[in-house]
Amino acid sequence: MNLAFAAAARVSSTSPNPRVGCVLVRDGEIVGVGLHEKPGEHHAEVNALLAAGERARGATAYVSLEPCCHFGRTPPCTQALIAAGVAEVVYAMPDPNPLVAGKGVQALRAAGIEVSGPLLEAQARQLNRGFIKRMEQGLPYVRCKLAMSLDGRTAMASGESQWITGPAARADVQRLRAESCAVLTGVNTVLQDDPALNVRVDAQGVAAEPSTLRQPRRVILDSALRTPATARLLQLPGEVLVLTASADAAPFALPGVEVRQLAADRAGRVDLRTAMQCLAQDYQCNEVLLEAGPTLSGALVQAGLVDEVIVYIGAKFLGSDAMPLLRLSGLQHMADQIALDIVDVTTIDADLRVTARPRSH
């Protein structure tokens, strides 16, 4: 099963589908390994069966997710396993998709195939936290990426922020973008920094032409539609979504740019939970990477919509006049604190990467 997990993890993203790996074993020998590489192409089980050929008959299939049993862009994997004569299927976790959710196991057993599982379910869930959350809660898995100095600052008072961290840390951010279905920012970041927010390296971390790479959807939270039509991220390859509380979409008659009006909160801003529900349910976003300033990042954290915080720390001081990491309002006493669990600390050249998750998650 660990080999199936490793196969599934070879691709950055299979959005909107889950990452899945499959290993076929017959008479103690691995006869086929497969993974799902991209939507619309063969699923992991089918690729493993193609690799095994006739040796799949009588084999045991180890699959990182319950095999699907419905027609989507491709036929059901249960059908393929049955037709190949597989004797046993071991699955790591049930598929939370309501179209499957136990029906895949039932179909295999009805065909006389021995089925066992779940096996190593906790590890399997780590592979597809976004897909699982979207299916179970109707929300994406949100990672909040931040970069700060050793004294907790993100930019000089002048707005300068290039560069707090070094090239290796910035390359690691490219990996996070490649794994994401969408990269989310706020209009203030667009106005201040004019970022690209695109993927510029391939799955091996090698610099590549962005137009040749899968680009996550770039999303701007812009309640009053202040984003200029000349913004850099509107001009680049890939899809852009502007979420607004304004009814005026006229300034964005640009190819590849969609403007979506959503409900506003009491302050007249786009309601954050509605925005996340929209990304999950209407755009099938499993993982969202938040790359925004201290106000929007802080608001999403306080709204309980951030699942993971990834902080890159540069070994430098920016001073007390520089911008803070987050703006968190209303925290007056220790009882108001937002507790996190640190799950990883990694050195990246001269910088540090700290990964933490809010304790409620």
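**Group meeting: pocket, sheet and cavity**

Hi everyone. Let's start at the largest pocket, which is lined by 50 residues, with Thr189, Asp193, Glu291, Ala292 and Gly293 lying nearest its centre. On a 1 Å grid over the protein atoms alone, a pocket is an open set of points with protein on both sides within 12 Å along at least five of seven lines, a cavity is a set where a 1.4 Å probe fits but cannot get out, and lining residues have an atom within 4 Å of a point.

A word on the model before I go on. It is a predicted model: local features need pLDDT of at least 70 and side-chain atom pairs count only at pLDDT 80 or more, while totals for chains, interfaces and linings use all residues. Residues are numbered from 1 along each chain as its sequence is written, and side-chain values use heavy atoms, leaving out hydrogens and water.

Back to that pocket: its space comes to about 1,500 Å³, a volume being the space filled by probe spheres set on grid points joined across faces, edges and corners. Two or more lining residues come from each of β6, β7 (153-155), α7, α8 (187-193) and α11 (294-302). Helix α7 gives the largest share, six residues. Helices (H or I, at least four residues) and strands (E, at least two) are DSSP runs, numbered from the N terminus.

Now the sheet. Nine strands form an open, mixed sheet in the order β11-β10-β9-β8-β12-β6-β13-β16-β15; two strands pair if DSSP finds at least two bridges between them. At the edges stand β11 (257-261) and β15 (340-348), each with a single partner strand, so one side of each is left without a neighbour in the sheet. From one strand to the next, the twist averages 20 degrees, with axes fitted to C-alpha atoms (for helices, over the stretch in contact) and angles running from 0 to 180 degrees between N-to-C directions.

Within the sheet, β6 (141-149) and β12 (287-290) pair in the parallel sense over four bridges, and Val142 stands opposite Val288 in β12. Helix α7 (167-179) packs on the sheet and touches strands including β6 and β12, contact meaning heavy atoms within 4.5 Å. The direction of α7 makes about 160 degrees with that of β13. Helix α10 (272-283) runs at about 145 degrees to β10.

And the cavities? The whole structure has one of 30 Å³ or more. The largest cavity holds about 50 Å³ of space, and its lining includes Ser13, Arg19, Phe131 and Glu287.
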